[in-house]
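Colleague: Could you show me the model, so that we can go through it together?
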Amino acid sequence: MYNLKVENDLGLSHQLQNAKVSKLISGSIKRKNQPISVAPEEDAPLFWRPDLFLLDRSTLYARLDPLRQQRILKHYNNVLISEFYFLEKSGLAYCAKMILLGETTETRQLYGLIAADEATHLEWITPYVDLACRTKPQGKLLPVLGKIIEDCDANSLYYLVQTIIEGWGMMTYKVMSKACQCPHLKAILKNVMQDEAIHHETGPALFEPEKITAQTAAFIYDRMKAYAEVLRVGPQTLVQCIEKEVGELSITELETLFDDIKTELTSHLKLQILKDLMLQPQMEQYVQRLTDENYIHPYSAAECAKIYQKTRNFEQFV
Ligand SMILES: [Fe+2]
Ligand SMILES: [Fe+2]
């Protein structure tokens with residue numbers, strides 16, 4: 001029976017007074033012959049270029065002077081890297097819960113090893129995230145994931161997090177590592193991706209679909225919808241970064257922007273990857289229902305613009 005409460009506190013601060021603890025973390029990582037991360041240099045190139053996000057196709061972006069383009073890109077780069085940071089940070093609470101819920105010695109061992117990986121990933125990525133941003137999660141995935149980690153039983157988590165999110169992480173780190181212009185970060189992301197591939201494989205190895213109850217079935221389906229929704233709405237934080245630089249855009253300008261950066265097409269491709277990750281043995285009917293109810297279908301540029309306008313929130317954006 002599941003009765004363990006864990007809080008996935010994304011706002012958890014870093015202790016800066018006790019240098020010994022930080023030294024012990026890096027010492028432990030070194031001891032395992034793992035690389036140590038260093039803060040990027042002041043003149044380091046931007047991690048990712050505008051064409052990765054199809055920004056080069058936007059007329060609005062093209063009209064801006066290079067300095068403003070650079071500011072938007074830098075801001076968006078920071079938002080993306082901070083999302084990685086919070087995903088790894090969530091991995092700590094998640095693994096703590098999974099170790100305790102493990103019903104066999106091997107399951108607890110496995111999650112202990114995964115926890116060490118996630119702690120290492122976090123240590124590698126942390127120098128790339130400004131201190132002020134390390135307690136302020138952004139984007140639509142993190143709140144969805146946080147709630148899943150806190151609310152779900154182990155078997156649902158083997159599917160929803162271990163299979164789907166670790167798989168999604170593996171794919172994302174692969175793309176972002178390939179496209180990264182900063183050699184040190186590129187190597188870090190590649191290393192993380194290789195670990196995530198093993199983490200992802202753990203999911204199908206542990207998940208037992210026959211153990212799903214009527215109650216957990218409803219929750220799993222609801223969370224699958226929530227994952228799809230995160231992708232259907234397109235790159236909302238990218239648009240937020242643009243607005244932060246150029247000011248509030250009209251609904252027509254927002255529609256053009258979402259259309260220029262091919263939101264519908266890129267969301268469609270991402271949703272197909274998500275669908276493939278969801279398609280595990282005995283989960284076919286869930287994916288079929290999701291497809292039939294139109295959740296594996298991206299919103300149009302006009303719909304994304306409307307959603308953006310409705311949920312626009314500058315206060316929470318750093
Ligand atoms: Fe990780
Ligand atoms: Fe992982």
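Modeller: What follows is a short chat about the fold, the size and a few helices. This is a predicted model, where local features need pLDDT of at least 70 and side-chain atom pairs count only at pLDDT 80 or more, while totals for chains, interfaces and linings use all residues. Residues are numbered from 1 along each chain as its sequence is written, and chains are lettered from A and ligands numbered from 1 in the order in which they are written.

Colleague: How many helices and strands are in the chain?
Modeller: The chain has 13 helices and zero strands. Both are DSSP runs numbered from the N terminus: helices are H or I with at least four residues, strands E with at least two.

Colleague: What box do the C-alpha atoms fill?
Modeller: Roughly 60 × 55 × 30 Å, along the principal axes.

Colleague: Which residues of α5 are buried?
Modeller: In α5 (residues 141-151), Leu 145, Ile 148 and Ile 149 are buried. A residue is buried if 20 or more other C-beta atoms lie within 10 Å of its own, with C-beta atoms placed from the backbone.

Colleague: And what do they pack against?
Modeller: The buried residues of α5 pack against α3 (66-101), α6 (154-179) and α8 (214-232). Contact is C-beta atoms, placed from the backbone, within 7 Å.

Colleague: Next topic. At what angle do α6 and α7 pack?
Modeller: About 155°, with the axes of α6 and α7 (residues 183-206) 7 Å apart. Axes are lines fitted to C-alpha atoms, for helices over the stretch in contact, and angles run from 0 to 180 degrees between N-to-C directions. α6 and α7 are therefore roughly antiparallel, a term for angles over 145 degrees.

Definitions and conventions. Buried ≥ 20, exposed ≤ 12 C-beta atoms within 10 Å, placed from the backbone. Contact = placed C-beta atoms within 7 Å. Parallel < 35°, antiparallel > 145°, perpendicular 65-115°, else oblique.
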